[in-house]
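This briefing is for a reader who is new to the structure.

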Amino acid sequence: MLTVEELMTRDLVTLKEDDDVVRGDDLLAEYDIRHLPVVKDGRLVGLVSHRDLIRALARHERAPGTPPQQVRDIMTRSVETLKPRSSVREAIHKMLDHKFGCVPVVEDGDRLVGILTETDLIRLAGKLLDREER
């Protein structure tokens, strides 16, 4: 059985709840990613997507001297997760059923250890097709 830990991205870029949305947008551009887990003391507390940030930045017009909106104001708090030993089949069904672009991977009481993204699954599909065509 192929497991999530075999495919997940481990080198994570994360946010804190009190980071501002501009920082989130900057990180997405810098690392060319679309999802940012939000952590507190290494534990997953939320998730911010590229779409969340675009929406927040478009809606939030700041008066001069007003601090930017914080991540805690826009993040999704009830995040579906997977365990490292979850099957890839389970992950695929979860992502398709809920139309998720990613699922954070946690263990030991929501300690963030990775993230499984659509890109990880497309990479797998490419390897399987290469193998099939040989």
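**Pockets, strands and helices**

Strand E2 (43-49), helix H2 (50-59) and strand E3 (102-107) each give at least two residues to the lining of the largest pocket. Helices (H or I, at least four residues) and strands (E, at least two) are DSSP runs, numbered from the N terminus. This is a predicted model, in which local features need pLDDT of at least 70, side-chain atom pairs count only at pLDDT 80 or more, and totals for chains, interfaces and linings use all residues. Residues are numbered from 1 along each chain as its sequence is written, and side-chain values use heavy atoms, with hydrogens and water left out.

**Largest pocket**

- The volume of the largest pocket is about 460 Å³.
- A pocket is found on a 1 Å grid over the protein atoms alone, as an open set of points where a 1.4 Å probe fits, with protein on both sides within 12 Å along at least five of seven lines; lining residues have an atom within 4 Å of a point.
- Grid points are joined across faces, edges and corners, and a volume is the space filled by probe spheres set on the points.
- The lining of the largest pocket has 20 residues, and His35, Ser49, Lys99, Phe100 and Gly101 are the ones nearest its centre.
- H2 supplies the largest share of this lining, 4 residues.
- By class, the lining of the largest pocket holds 7 nonpolar, 6 polar and 7 charged residues.
- Nonpolar here covers Ala, Val, Leu, Ile, Met, Phe, Trp, Tyr, Cys and Pro; charged covers Asp, Glu, Lys and Arg; the others, Gly among them, count as polar.

**Second largest pocket**

- The second largest pocket holds about 350 Å³ of space.
- Its lining has 15 residues, of which Thr9, Asp32, Ile33, Arg34 and Thr117 lie nearest the centre.
- Strand E1 (35-40), strand E4 (111-117) and helix H4 (118-133) each give two or more residues to the lining of the second largest pocket.
- H4 gives the largest share of that lining, 3 residues.
- The lining of the second largest pocket divides into 6 nonpolar, 4 polar and 5 charged residues.

**Strands E1 and E2**

- E1 and E2 pair in the antiparallel sense over 6 bridges; two strands pair if DSSP finds at least two bridges between them.
- Pro37 stands opposite Leu47 in E2.
- The hairpin of E1 and E2 has 2 residues between the strands, and Asp41 there takes a positive phi near 55°.
- Asp41 counts as exposed, at 75% relative accessibility; exposed means over 50% relative accessible area, buried under 20%, and partly exposed in between (1.4 Å probe, protein chains only).
- In E2, 5 of the 7 residues are buried, so the strand is largely enclosed by the rest of the structure.
- Ser49 is found in E2 and is buried, with a relative accessible area of 18%.
- Leaving aside residues up to four places away in sequence, Ser49 touches Arg34 and His35, where contact means heavy atoms within 4.5 Å.

**Strands E3 and E4**

- E3 and E4 run antiparallel and are joined by 6 bridges.
- Val103 stands opposite Leu116 in E4.
- These two strands, E3 and E4, form a hairpin with 3 residues between them, and Asp108 in the turn has a positive phi of about 45°.
- In E4, 6 of the 7 residues are buried, so this strand is largely enclosed by the rest of the structure.

- Val21, Gly24, Leu27 and Leu28 are the buried residues of helix H1 (residues 21-31).
- Seen down the axis of H1, these residues fall within an arc of 115°, so they line one face of the helix; the arc is that of the directions from the helix axis to the C-beta atoms.
- Ala29 and Glu30 are exposed on the other side of H1.
- E1 and H2 are among what covers the buried residues of H1.
- Asp32 is found in the loop between H1 and E1 and counts as exposed, at 70% relative accessibility.
- Phi of Asp32 is positive, near 55°, in a residue other than glycine.

**Helix H3**

- Val88, Ala91, Lys94 and Met95 are buried in helix H3 (residues 88-98).
- Down the axis of H3, its buried residues fall within an arc of 120°, so they line one face of the helix.
- The face of H3 turned away from the buried side carries the exposed residues Arg89, Leu96 and Asp97.
- E3, E4 and H4 are what the buried residues of H3 pack against.
- Lys99, with a positive phi near 60°, follows H3.
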